[in-house]
Amino acid sequence: MLYRRALTREMGLTTGAVLTVLVAIALVVLFIRLLGDVARGELANEAVFVFLGFSLLYFLPVLMTIALFAGVLLPLSRMWRDSEMVIWFNAGLSLTQWMRPVLVFAVPFSLVILLLTLVLNPWVQTKKSEYGQELKSRSESALIAPGLFAESNAGQRVYYVESLNPLTGIVRNVFMQSRIDGQLGLVVAREGDYTQLPDGSRYLVFKEGRRYEGTPGQLDYRVVRFERYWMRLDPVATGARATSIRQMSVAELLADVTPPARAQLLWRLGVPISALILAVMAIPLSFVNTRARRSYGLLIALLLYFVYNNLLSLSQAWVAQDKLNPMVGMWVSHLLMLSAVAILFYRRSRQHAPCRRRP
């Protein structure tokens with residue numbers, strides 16, 4: 001019981017530490033990717049942290065699976081290195097008796113992952129889609145950010161402002177390029193602001209500037225000086241919102257018999273099942289040869305995880321393409337890994353069989 005309590009406590013601490021590191025790495029990678037979208041004008045500045053949260057929640061089940069796998073593997077490997085496993089075997093206990101404390105720890109963890117994949121992730125994808133549609137339907141003034149070129153109307157308009165006063169909404173040193181019927185127009189102004197009339201129409205008002213109009217490659221440009229230049233802004237028409245497979249609830253997936261829906265259900269159920277199988281697999285993989293002071297168990301564990309994850313992805317793709325029966329795709333990857341778990345337990349149990357006391 002002392003061993004089991006100590007193991008449970010150490011697994012909890014290790015899993016929490018690994019999950020924290022993985023979340024931090026994922027946040028950095030996702031943040032850099034979103035900043036790239038902002039730089040290309042594909043995402044508004046204010047949406048970065050919202051999309052960062054949505055993306056992290058979507059990848060959280062996979063991160064938790066990896067953390068659980070490492071949280072079981074690392075404490076048991078330490079027990080091998082410190083020769084605590086020798087005491088365990090000399091007490092007449094077998095390697096399979098570690099399954100109970102590991103499952104007691106892993107089953108609630110896997111249920112949380114199941115809740116995330118079945119309930120939270122569809123909700124997150126729905127909210128992300130709704131927020132994206134809201135961003136697309138905003139007026140062009142929402143795209144303007146100081147120091148960045150922003151496109152709108154599929155590149156028909158390009159904006160650049162040097163600075164923005166967040167209190168008054170006035171921008172300084174404004175540049176705008178527009179293309180209408182093949183004719184290029186350039187507007188350069190000292191400042192500008194956003195105005196909404198009582199009838200609800202929106203305008204960008206440029207002050208003290210010039211407008212250049214003409215056709216590229218020709219010399220018939222026209223230069224117009226102005227005190228005020230009003231340009232109307234219309235909301236972007238986004239059309240009807242399409243529902244993705246990732247946004248569908250469990251009930252909708254069960255009612256849908258199409259291959260993509262079956263493949264999505266396979267993935268949502270497969271992630272928590274794989275977390276449970278990987279936790280059990282970590283028991284025989286944790287073996288460390290104390291004499292050689294080295295172990296290839298961690299490398300083998302990483303290899304098996306990537307093989308398992310790729311099998312799940314391949315099964316999902318084949319089911320979505322109607323190349324594989326959904327029931328076969330649901331269980332073939334898990335059965336293969338369970339066979340690998342049985343082989344690993346058999347090999348380790350034969351090498352470290354418990355000492356039997358003579359009568």
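Student: Which residue follows H2, and what is its phi like?

Tutor: That's Ser83, with a positive phi near 65 degrees. Keep in mind that we're looking at a predicted model.

Student: Now the inside. Which residues touch the most other members of the largest nonpolar core?

Tutor: Picture buried nonpolar side chains linked by contacts. The largest such core here has 51 residues, and the ones touching the most other members are Leu68, Val72, Leu76, Trp98, Met281 and Leu285.

Student: Which elements give two or more residues to this core?

Tutor: Helices H1, H2, H4, H6, H7 and H8 do. H2 provides the largest share, with 13 residues.

Student: How many aromatic pairs does the structure hold?

Tutor: There are 7. To read one, check how far apart the ring centres are and how the planes are angled. Take Phe51 and Phe54: their centres sit 6.5 Å apart with 70 degrees between the planes, so the pair counts as edge-to-face, since that label needs over 60. Both belong to helix H2, 3 residues apart, which is about one turn of the helix.

Student: Are Phe51 and Phe54 buried or exposed?

Tutor: Both are buried. Another edge-to-face pair is Tyr305 with Phe306, at 5.7 Å centre to centre and 65 degrees between the planes.

Student: Why is Tyr305 called buried?

Tutor: Because its relative accessible area is 11%, and buried means under 20%.

Key: Residues numbered from 1 in each chain as written. Predicted model: local features only at pLDDT ≥ 70, side-chain atom pairs only at ≥ 80, totals over all residues. Heavy atoms only, no water. Core = buried A, V, L, I, M, F, W, Y, C linked by side-chain atoms within 4.5 Å. Buried < 20%, exposed > 50% of the residue type's maximum accessible area, 1.4 Å probe, protein only. Helix = DSSP H or I, 4+ residues; strand = E, 2+ residues; numbered from the N terminus. Phe/Tyr/Trp six-rings, centres within 6.5 Å; stacked < 30°, edge-to-face > 60°.
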